[in-house]
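Subject: Structure handover

Hi,

Here is the structure I promised to pass on. My notes are below it.

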Amino acid sequence: MASSLSSLTLFFFIFSLQLLFLSSTLSTSRHHHPTHHPQSPPFTVPLIHVDSGKNLTKFQRLQRGVMRGNLRLERLVNNMMASLSVDSSSKVTSPVHAGNGEFLMNLAIGTPPETYSAIMDTGSDLIWTQCKPCTKCFDAPTPVFDPKKSSSFSKVSCSNSLCKALPTWDCAADGCEYLYSYGDYSSTQGILAKETFTFDKVTVPELGFGCGEDNEGSGFDQGGGLVGLGRGPLSLVSQLKRSKFSYCLTSIDDDDPSSSANPTSTLVMGSLATQFSNDSVVTTPLLKNPSQPSFYYLSLQGISVGKVDLAIKKSSFAINADGSGGMIIDSGTTITYLEESAFDLVKKEFVSQTKLKVDSSDSTGLELCFELPENDGSGEMKIEIPKMVFHFEGGRLDLPGENYMIGDLNAGVVCLAMGSSSGVSIFGNIQQQNMMVVHDLEKEMLSFIPTKCDQL
């Protein structure tokens, strides 16, 4: 019989930063509106975490990500609820776009190509960058794109299907003018255009993008723009006519502050060449929410902690008739957020099964932490925590310990990397680390494949 506990090993390094390493075993049990340019070959793009190279410990990175994630969740929920209340009589809702994110990708725009960094966002569709002449542009690590210096730049007409796919647009002398807003009240405004983009030496001509001349709000200054990977016709996935895309996110442990060569996560556009054995793959349907068409929703049916199947109501993770609820899988949110009543059951069971004292200092920003025992001087300490399994429709995902428990020796705590929410649940990127997350849009399925992402 399989054990209901995971073993976590803590290593103490006297002359290095104090990090907590968690080890556990992993057990396994739409169609888009394409553009008219030819399909590009598959390509791979490195992804850099927004906090990479900032000399932060793992726990500091977690805390910074939680702060961003809490704000992202709050604004998403507020916007979703506002759109539902305004349009409740007509039963028509306004889509919400996530905006910002946790990972950056490098790309080149124009002819000759100019290199830019952009935020990868699976919660929105539009591809855009800041453009001259800027009426309002934020400071970014890469220059503002100048369309006059590119021979391949062209404006999109108002009759183009991409223009009509925009949530807000107007026809002007310059062509299709757009306004694209995000859940955090930030926005980009400018001209919809087509341009040659280069991703890891693969050139894609006539890719529709927003040439943003008025860009405001917070969260975008890590890059010079954003690449939307959502489900709508404006996204990179749709315009490339991709039936599959994947990403593989390295462990939060892997960004060693003492190293100058941090391993990178990976985005794969197209089919994977590597074959995986079926017994290591968890596959579940991708659901659609007509009210929020950009997001990828999953069917989460239950959660187990240790040997206990939690008594979570089936409605807790269901997409409601008004478009609220459901569970989004999101690369741009750090921790997982569960509907409040479900999280309360998870929290209660962890407290019951974990043989550690609950930390009541409320200093970490996380909702459940435990005090670590005193180090005995041996250099390492093993802690047993309950196994955690997410029961998705079609398969059970047995999470490795490091994908849900993260600690800090300086603070003397180990914490559950999850929180509570209302209105929508989110499956965050800590829970997805060291897995190839494959989106199969033709079959409308998503697969989790255990992978050493730093070895790709």
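Predicted model: local features only at pLDDT ≥ 70, side-chain atom pairs only at ≥ 80, totals over all residues.

Residues are numbered from 1 along each chain as its sequence is written, and side-chain values use heavy atoms, with hydrogens and water left out.

Disulfides

A disulfide here is a pair of cysteine sulfur atoms within 2.5 Å. That rule gives 6 disulfides. Counting bonded cysteines along the chain, the pattern is 1-8, 2-3, 4-6, 5-7, 9-12, 10-11.

For exposure, buried means under 20% relative accessible area, exposed over 50%, and partly exposed in between (1.4 Å probe, protein chains only). Helices (H or I, at least four residues) and strands (E, at least two) are DSSP runs, numbered from the N terminus.

- Cys-248 and Cys-453 are joined, S to S 1.9 Å. The torsion about their S-S bond is about -75°, so this disulfide is left-handed. Cys-248 sits in strand E12 (residues 244-248) and Cys-453 in the segment after strand E29 (445-450), so the pair ties together parts 205 residues apart in sequence. Cys-248 is buried at 0% relative accessible area. Cys-453 is buried too, at 1%.
- Cys-158 and Cys-171 are joined, S to S 2.1 Å. Their link is right-handed, with 100° about the S-S bond. Cys-158 is in the loop between strand E6 (154-155) and helix H2 (161-164), while Cys-171 is in strand E7 (residues 169-172), 13 residues apart. Cys-158 is buried at 14%. Cys-171 is partly exposed at 48%.
- Cys-134 and Cys-137 are joined, S to S 1.6 Å. Cys-134 is partly exposed at 33%. Cys-137 is partly exposed at 27%.

Strand E3

Strand E3 (residues 103-109) is mostly covered, with 6 of its 7 residues buried. Two strands pair if DSSP finds at least two bridges between them.

Which strands does E3 pair with? Strand E2 (residues 43-49) is antiparallel to E3, over 3 bridges. There, Ile-48 stands opposite Leu-104 of E3. Strand E4 (residues 114-121) is joined to E3 by 7 bridges and also runs antiparallel. Strand E9 (residues 187-199) is antiparallel to E3 as well, with 2 bridges.

Ala-108 has a bridge partner in E4, Thr-115. Ala-108 also stands opposite Thr-198 in E9. The hairpin of E3 and E4 has 4 residues between the strands, and Gly-110 takes a positive phi near 95° there.

Best wishes
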